[in-house]
Amino acid sequence: MGIKNNAAFEDAIRILPERLRQVLCRCSETLQADVLEIRLRAQQPVVLNTAGGTYFLQSSGKATQILSNEALVPLQTEIEAIVQKACGYSVHSHQDDLKNGFLTIEGGHRIGLCGTAVVENSGRICGMRNIYALNLRIAKEITGAANELIKSCFAENKPQNVMILGAPMSGKTTVLKDLCRQISNGCLGRFFSCAVIDERGELSGKRENTDKMQLGSNTDVLFGYKKTEGIALAVRTLSPRMIFCDEIGKKEDTDAILEGMLSGVSFIVTAHANSLEEARRRSGLKSLLEERVLDYVVILENGTRIGQIKEVIKAGESFENVRPSADFTDRHLNRALFRQAESSAS
């Protein structure tokens with residue numbers, strides 16, 4: 001497993017004003033490769049988060065775990081400049097993103113936003129103003145991040161339905177990207193056609209026409225589509241054998257996934273949860289477990305190594321307490337018949 005040096009770090013900090021960028025460039029190469037998040041708060045020290053700990057950045061470029069008066073402090077005007085640049089200098093056209101609290105920039109890096117909610121008369125949040133703090137999450141491409149998962153879930157060299165669970169910063173998106181790349185490039189012995197529903201641009205790197213080879217040579221990317229619409233479109237027009245979705249959680253997402261499965265498509269999805277029990281408590285994920293359509297649930301360790309697996313739960317072994325819904329039999333039969341036909345064809 002290897003990281004592409006510090007390319008992701010260098011790519012991410014291009015969004016920053018020159019003063020901040022120059023200091024970050026003076027960080028050690030080792031630290032640059034390890035940084036997962038850069039937290040910028042107006043009039044507060046710059047914080048660098050790594051899997052191994054939290055560091056404060058000094059104006060000299062030195063990073064230390066001791067807070068001092070020499071810490072680099074962003075100005076409010078610099079925070080505003082970052083937001084403007086991330087919006088392509090058209091904040092008004094990005095109100096939906098601001099409402100959801102984040103912006104995705106080229107390279108797939110996500111900027112979390114902290115500010116004041118803009119609320120309509122109906123009480124609905126329609127945007128954000130007075131943004132004073134940012135969390136720049138660096139999207140890393142780690143070749144081999146999915147190796148352990150492939151060995152655990154794809155020993156039969158055929159598509160599977162897999163849900164990858166993990167806490168924030170456990171590497172779910174990084175693993176999903178590498179898994180798609182490897183399967184698309186033939187690691188299962190065949191070049192299965194893959195489709196990626198990239199709602200926020202984090203999987204394809206928000207590059208609409210170039211550099212999608214990172215997701216494999218046999219992958220179609222639906223960029224900017226909501227998962228419900230993207231799944232339906234992919235099934236209807238692209239004939240994928242496998243569909244990849246990041247951070248599912250809404251009931252409409254899982255409903256669309258279930259419908260896709262009944263069309264003979266396998267799904268690899270990620271979701272926020274640190275255990276199977278936590279996933280069961282989330283209403284949007286519960287239906288996937290109730291239908292028993294998943295072959296594996298993989299729970300990632302929230303440790304220092306991206307892709308490290310804490311637990312692999314195989315269907316039929318640990319879902320005994322989950323009750324199937326009323327139409328479980330029909331759904332299961334449809335899926336079983338498809339797999340039987342597929343096995344005969346191969």
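Me: Which residue in strand 4 is the bridge partner of Leu-48?

Reply: Tyr-55 of strand 4 is the bridge partner of Leu-48. Bear in mind that this is a predicted model: local features need pLDDT of at least 70, side-chain atom pairs count only at pLDDT 80 or more, and totals for chains, interfaces and linings use all residues. Numbering starts from 1 along each chain as its sequence is written, and side-chain values use heavy atoms, with hydrogens and water left out.

Me: How do you know that strand 3 is joined to strand 4?

Reply: Two strands pair if DSSP finds at least two bridges between them. Strand 3 (residues 47–50) and strand 4 (residues 53–57) have four bridges and run antiparallel, so they count as a pair. The strands themselves (E, at least two residues) and the helices (H or I, at least four) are DSSP runs, numbered from the N terminus.

Me: What makes strand 5 and strand 6 stand at the edges?

Reply: The open sheet has seven strands in the order 5-4-3-2-8-7-6, with antiparallel pairing. Strand 5 (63–64) and strand 6 (102–105) each have a single partner strand, so one side of each is left without a neighbour in the sheet.

Me: Which strands does helix 4 touch as it packs on the sheet?

Reply: Helix 4 (residues 76–86) touches strand 2 (35–41), strand 6, strand 7 (109–119) and strand 8 (125–137). Touching here means heavy atoms within 4.5 Å.

Me: Why do the buried residues of helix 4 line one face of the helix?

Reply: Glu-78, Ile-79, Ile-82, Val-83 and Ala-86 of helix 4 are buried, that is, under 20% relative accessible area with a 1.4 Å probe, counting protein chains only (exposed is over 50%, partly exposed in between). Seen down the axis of helix 4, these residues fall within an arc of 140°, so they line one face. That arc is taken from the directions from the helix axis to the C-beta atoms. Their cover includes helix 2 (18–25), strand 2, strand 6, strand 7 and strand 8.

Me: Why is helix 8 called roughly parallel to helix 9?

Reply: Helix 8 (residues 227–237) and helix 9 (residues 251–261) pack at about 10°, with their axes 8 Å apart. Angles under 35 degrees count as roughly parallel, over 145 as roughly antiparallel, 65 to 115 as roughly perpendicular and the rest as oblique, so helix 8 is roughly parallel to helix 9. Lys-227, Thr-228, Ile-231 and Val-235 of helix 8 make the contact with Glu-252, Asp-253, Ala-256, Ile-257 and Gly-260 of helix 9.

How values were computed. Axes fitted to C-alpha atoms, helices over the stretch in contact; angles between N-to-C directions.
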